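Dear colleague,

I am handing over the structure we spoke about, and below it you will find my notes. Please read them with the model open beside you.

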Amino acid sequence: MPYEPYDAFLLVSFGGPEAEDDVIPFLENVTRGRNIPRERLAEVGQHYYLYGGVSPINEQCRELIAALQADFAGAGVELPIYWGNRFWNPMLSDTVARMAADGVRRVVAMATSAYSNYSSHRAYLDDIAAAREAVGPEAPDIELIRPFFDHPGFVEPLVEHTLDALDRLPRDQRGGARLLFSAHSIPTAMAEASGAPGNDHGPGGAYVAQLGEVARLVSERLGEEHPYDLVYQSRSGPPSQPWLEPDVNDRLAELAEQGTTAVVVVPYGFVSDHMEVKYDLDNEASETARELGLHYVRALSPGTHPRFVTMARELVAERAAWAEPFGLTSLPACHDCPEGCCRQG
Ligand SMILES: CC1=C(CCC(=O)O)c2cc3nc(cc4[nH]c(cc5[nH]c(cc1n2)c(C)c5CCC(=O)O)c(CCC(=O)O)c4C)C(CCC(=O)O)=C3C
Ligand SMILES: [Fe+2]
């Protein structure tokens, strides 16, 4: 059965290098026109070289696509799945050209990014527009599904993965364990400019409001009480520019000082365990915790959790307006990210 009104599904992701020689060109693509200090770039290059130049993100996209194909087939949904990245092969513009050559006319797209802000939402829309522009009049229409931060298909896998992580702590540490919900830091100006103007997202704009709600939703659903914090990771940019804080490492130090003995870090700002999770949490933050004498475990991100996979079909139905938008919060979902929404700062 065709899935009206669409004739294809497109996964749009960040992209990552898959060989040592890819690392520098990839970083050049990511940082083109951005104010990122050279030292930071050299440092981030090292993160990739530590893993042989291979970011896990592309393989994670392949796994997600395989799971989506199985889910669509099981539900009788006949939508071919395409994949394009913003910064590495397969590049979005090449994929849009291929869709045009295949005669695809109307596409529903999902980004591997759950929240509203320039980097997570507007930049995906802008890059889709640029890719269509490059292909010309034959390019298909592409409708992006909304930031899905408060969808049960995003929240429920995080709940399950947080409980799994708590299980990995020594038994006598579980009761007193503290949760650290970790998301990508962004410049505070970008955070304030996230979400549509005029919407009351509270302090910090839509991004911080959404993060606060997801942390609350996950912790309420655990069935056991744990104190928690919202922390940030993977800061870049010049030191003079304010970014969202506290950094996960700084917060670990404060907590150790205050007598916390066990933490579970929940990477709720991300869809898969890509390099920013593997390096910044599994190497760096876990090392910080070890030095501080803290018990440390990290929860998995949603990845290919079955509930996350079925969410895609529900969001396609929402985008096609067959289904009412469904979220666990009353925050505006930034559906079409109107002009002026999710600005850079
Ligand atoms: C909000 C957000 C997400 C989550 C939402 C989403 O997923 O979209 C995200 C994801 C990712 N970020 C990634 C990698 C990088 N991000 C960088 C730089 C930046 N990210 C930013 C924000 C975000 N980034 C920002 C404000 C910058 C500063 C430059 C700018 O204003 O744009 C840089 C440059 C070097 C550095 O400074 O770190 C790299 C290499 C990878 C790939 C990982 C892999 O390879 O597995 C992924 C999934
Ligand atoms: Fe937006």
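A residue is taken as near a molecule if its C-beta atom, placed from the backbone, lies within 6 Å of that molecule. Please keep in mind that this is a predicted model. Around ligand 1 there are 26 residues, of which Gly16, Ser55, Ser236, His274 and Met275 come nearest. By class, this shell holds nine nonpolar, 14 polar and three charged residues. Helix 1 (23-31), helix 2 (38-49), helix 5 (118-135) and helix 11 (275-292) each give the shell at least two residues, and the largest share, three residues, is that of helix 1.

The domain assignment divides the protein into domain 1 (8-148 + 305-319) and domain 2 (152-298), and each of the two supplies at least three residues of the shell around ligand 1. The centres of domain 1 and domain 2, taken over C-alpha atoms, are 24 Å apart, and their contact involves 26 residues from domain 1 and 24 residues from domain 2. On the side of domain 1 that touches domain 2, helix 2, helix 3, helix 5 and helix 12 are the elements giving two or more residues, with the largest share, five residues, coming from helix 12.

Helix 12 (residues 306-319) has 14 residues and should span 20 Å at 1.5 Å a residue, which agrees with the 20 Å between its end C-alpha atoms. Among its buried residues are Phe308, Met311, Leu315 and Arg319, and the elements covering the buried residues of helix 12 include strand 1 (8-13), strand 3 (106-111) and helix 6 (152-167). Just after helix 12, Ala321 adopts a positive phi of about 65°.

With best wishes

Terms used:
Residues numbered from 1 in each chain as written. Chains lettered and ligands numbered in written order. Predicted model: local features only at pLDDT ≥ 70, side-chain atom pairs only at ≥ 80, totals over all residues. Helix = DSSP H or I, 4+ residues; strand = E, 2+ residues; numbered from the N terminus. Expected span 1.5 Å × (residues − 1). Buried ≥ 20, exposed ≤ 12 C-beta atoms within 10 Å, placed from the backbone. Contact = placed C-beta atoms within 7 Å. Nonpolar A, V, L, I, M, F, W, Y, C, P; charged D, E, K, R; others polar. Domains from an automatic or database assignment.
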